[in-house]
Amino acid sequence: GDKRLGPGIPSICVKNLTFTYPGREEPTLRDACFSIDAGEKVALVGPDGSGETTLLRLLCGLYKITLGDIYYDGVSIKSLARGELKNKISALFEDFVRYNMSLRKSIVISDSKRDFDRKLYNKVLRVALLDRWIAREGITDSQILGRVQKGGMEISAAHWQRIALARCLYRNRSVFFMDEPLSLVDNVKRKRILRNILDFVGERTLVVTLHGLEEVNMFDRLFRVSSGRISEISLSKD
């Protein structure tokens, strides 16, 4: 398409969205209808295979819509100019990439065309609780991670995930989509990091898939995805 989005934080509207993977008869998502106002914090919950990840990928424009549509500020995702949506979103999926390169490169690769922002870099390290780990282990910006390259340092799966989170945050866009961003992190750190994420996002939009219900009251709205159907659940703020 050739449509452009304005400079602000876009609203999102999903209308009658149905998606079926090629080669399958049953749709993964069925007639989904909901909207997300600019700046809202939304949690998606549901059992494995219920369609949350598929929904996030559709919202990111990674899959071709089968039926229905997704609108950003009233503009169909199908009509947006190439790269227009990418410039608005930061995304993290559970199957994140482990870049066997330096810590700094692994994080800033998400926005490598922009000049390095040391202040933002340090901030995302703090949000992901990587700063103390880095200091404790004596890890420098140039330390190679992983064992692929000579001299590389192996790290835990939880640290890889937190680095992927920092990479998503470093993109620093208007809308953040996160698919189980802390599934490998222990309970204590997970709650602290989630609070940090919410503070970092501020007035921008955040959509997160969660399998547990412990943290849902941190969000403005909660949607359950089950058997491809999406329904809103009332949140108690007591």
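This is a predicted model: local features need pLDDT of at least 70, side-chain atom pairs count only at pLDDT 80 or more; totals for chains, interfaces and linings use all residues.
Helix H1 (residues 52-59) lies across E1, E2 and E4, and its direction makes about 120 degrees with that of E1. The strands it covers belong to an open sheet of four strands, ordered E2-E1-E4-E5 with antiparallel pairing.

**The four-stranded sheet**

- E2 and E5 are the edge strands here, each pairing on one side only.
- Strand E1 (residues 12-19) runs antiparallel to strand E2 (residues 29-36), and five bridges link the two.
- Within that pairing, Val14 has Phe34 of E2 standing opposite.
- E1 is also joined by five bridges to strand E4 (residues 67-72), again in the antiparallel sense.
- On this side, Ile12 has Tyr72 of E4 as its bridge partner.
- E4 then pairs with E5 over two bridges, antiparallel as well.

- Strand E3 (residues 41-45) and strand E9 (residues 221-226) are a parallel pair, held over four bridges.
- In this pair, Ala43 has Leu222 of E9 as its bridge partner.

- How do H5 and H6 sit relative to each other? Their axes come within 12 Å and cross at roughly 5 degrees, which makes H5 roughly parallel to H6.
- From H5, Arg162, Leu165 and Leu169 meet Lys189, Ile193, Ile197 and Phe200 of H6.
- Sorted by class, the contact of H5 with H6 has five nonpolar and two charged residues, and no polar ones.

**Cysteines**

- How many disulfides does the structure hold? The count is zero.
- Cys33 is in no disulfide, and its nearest cysteine sulfur, that of Cys13, is 7.9 Å away.
- Cys33 has a relative accessible area of 44%, so it counts as partly exposed.
- For Cys168, the closest cysteine sulfur is in Cys60 at 9.1 Å, too far for a bond.
- Is Cys168 buried or exposed? Cys168 is buried, because its relative accessible area is 2% and the cut-off for buried is under 20%.

**Positive phi values**

- Most residues other than glycine have a negative phi, which gives the next two residues their interest.
- Asn16 has a phi near 50 degrees, a positive value in a residue other than glycine.
- Asn16 is placed in strand E1 and is partly exposed, with a relative accessible area of 42%.
- Asp73 likewise has a positive phi, near 50 degrees, and is a residue other than glycine.
- Where is Asp73 found? Asp73 is in the loop between E4 and strand E5 (75-76), and at 39% relative accessibility it counts as partly exposed.

**Gly152 in its loop**

- Gly152 has its place in the loop between helix H4 (131-137) and H5.
- With a relative accessible area of 5%, Gly152 is buried.
- Leaving aside residues up to four places away in sequence, Gly152 touches Gln143, Ile144, Gly146 and Arg147.
- Gly152 and Ser110 are 42 residues apart in sequence, and their C-alpha atoms are 21 Å apart in space.

Note on methods: Residues are numbered from 1 along each chain as its sequence is written. Side-chain values use heavy atoms; hydrogens and water are left out. Two strands pair if DSSP finds at least two bridges between them. A disulfide is a pair of cysteine sulfur atoms within 2.5 Å. Buried means under 20% relative accessible area, exposed over 50%, partly exposed in between (1.4 Å probe, protein chains only). Axes are lines fitted to C-alpha atoms, for helices over the stretch in contact, and angles run from 0 to 180 degrees between N-to-C directions. Angles under 35 degrees count as roughly parallel, over 145 as roughly antiparallel, 65 to 115 as roughly perpendicular and the rest as oblique. Contact means heavy atoms within 4.5 Å. Ala, Val, Leu, Ile, Met, Phe, Trp, Tyr, Cys and Pro count as nonpolar, Asp, Glu, Lys and Arg as charged, and the others, Gly among them, as polar.
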